[in-house]
Amino acid sequence: MSAQIIDGRKCARALTEKVIADVAALVSEQVQIGLATVVVGDNYGARAYERKLRRLAEELGVPYYGHTLDDTLGQDELLDLITALNADPTVSGILILRPLPDHIDEATVFRSINPSKDIESVHPENAGLLALGVPRFVPSTAASVFHLLDSYLDSVGENRADFYHRSLIVVVGRSNNVGKPAISLGYARQATVESVDEWADKTTGIGRHTRWADVLVVAAGKAGLIKAEHVSENAIVIDVGINPSTSEDGKVRMVGDVDFDSVAPRVRAITPVPGGVGPVTDIWLLHNTVLAARLLAGHDVDGRADLITDNSNPLQEAS
């Protein structure tokens with residue numbers, strides 16, 4: 001069996017066209033939109049992602065306000081900046097990039113964000129709404145996982161609701177920003193959902209869980225964790241991992257949590273790394289920034305729970 005490759009770049013291009021049109025509509029309606037990011041410290045990954053978001057926002061016509069701060073910044077100073085961004089009418093979306101320095105309490109920082117500008121749903125109010133199945137914003141990576149999955153099912157003519165109702169989704173990884181939201185989205189589709197993490201590999205064996213999965217979502221942050229012996233032949237595998245790997249010639253490339261070369265020949269469909277979940281995640285952040293602008297402007301956006309149901313069109317707001 002040879003897996004169908006789920007092309008994240010192709011999906012991202014389609015979403016990009018929709019977001020560009022949405023941004024143009026906001027501008028014509030004189031609705032203010034803007035994305036503000038905050039990086040504290042010199043973490044390579046956070047700074048690289050900030051640069052990527054800056055370029056994407058510029059391409060889409062979204063005003064961008066990047067704040068790159070020294071890691072000696074005190075927590076009170078960071079909270080003051082977030083308070084200013086909360087009050088700034090030109091900012092509709094706020095993203096605090098992880099990791100934060102050890103002397104800054106992440107939970108306190110996330111609680112300080114205006115929930116209506118919290119485009120990654122890290123504020124307890126938004127995390128709770130997502131868990132209850134009525135999200136204000138769907139976090140970008142978990143949203144991307146299910147957008148790619150939904151798009152694949154549509155492409156092969158499979159009814160989404162029927163598929164989810166009979167399927168077991170196994171999510172490997174329990175992070176607050178990916179694993180837990182993905183579990184909530186699986187529940188909302190009325191699928192059977194199981195949650196494990198890399199510790200299962202050290203105890204009962206992770207394959208004991210993953211081999212039963214119809215859909216395997218891997219977001220453990222451990223390169224090559226999932227191999228051919230861990231998957232069933234009819235599984236759909238969504239690889240969220242992004243791990244730097246240095247080759248013998250010294251070149252650094254990104255690899256996933258799934259050993260692609262061994263798994264791809266065995267399963268039904270798989271996302272590559274790079275070129276899978278990542279491109280969709282980037283554009284989804286801008287989609288949430290657009291959505292936040294509409295909500296802040298007082299628009300009644302009934303479709304704000306995009307992607308929460310099994311038959312939704314991910315970027316189609318209700319009229």
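Helix 8. I began with helix 8, residues 179-188, and found it mostly covered, with 7 of its 10 residues buried; the model is a predicted one. The buried residues are G179, P181, A182, I183, S184, L185 and G186, and I noted that they pack against helix 5 (124-131), helix 6 (140-155), strand 5 (168-172) and strand 6 (192-196). After the helix comes Q190, whose phi is positive, near 65 degrees.

K117. I then looked up K117, which is placed in the loop between helix 4 (106-111) and helix 5. K117 is buried yet has no salt bridge, and the nearest side chain of opposite charge, that of D88, is 6.1 Å away. What I did find is a polar atom of the K117 side chain 2.9 Å from the backbone oxygen of V91. Leaving out residues up to four places away in sequence, K117 touches several others, among them L85, N86, I94 and L296.

Aromatic rings. I searched the whole structure and found 2 aromatic pairs. F146 and Y164 form a tilted pair, with 6.4 Å from centre to centre and 45 degrees between the planes. This pair links distant parts of the chain, since F146 is in helix 6 and Y164 in helix 7 (residues 160-166), 18 residues apart. F146 counts as buried because its relative accessibility is 1%, and Y164 does so because its value is 0%. The rings of F163 and Y164 have centres 5.5 Å apart and planes at 75 degrees, so I recorded this pair as edge-to-face. F146, F163 and Y164 form one aromatic cluster, and R189 lies over the face of Y164, at 5.4 Å from the ring centre.

Key
Residues are numbered from 1 along each chain as its sequence is written. This is a predicted model: local features need pLDDT of at least 70, side-chain atom pairs count only at pLDDT 80 or more; totals for chains, interfaces and linings use all residues. Side-chain values use heavy atoms; hydrogens and water are left out. Buried means under 20% relative accessible area, exposed over 50%, partly exposed in between (1.4 Å probe, protein chains only). Helices (H or I, at least four residues) and strands (E, at least two) are DSSP runs, numbered from the N terminus. Contact means heavy atoms within 4.5 Å. Lys and Arg count as positive and Asp and Glu as negative; His and the chain ends are not counted. A salt bridge is a side-chain nitrogen of Lys or Arg within 4 Å of a carboxyl oxygen of Asp or Glu. A polar contact is a pair of N or O atoms within 3.5 Å; within protein, one must be able to donate a hydrogen and the other to accept it, and residues adjacent in sequence count only if both atoms are side-chain atoms. Rings of Phe, Tyr and Trp (its six-membered ring) pair if their centres lie within 6.5 Å; planes under 30 degrees apart count as stacked, over 60 as edge-to-face and the rest as tilted. A charge sits over a ring if NZ of Lys or CZ of Arg is within 6 Å of the ring centre and within 35 degrees of the ring normal.
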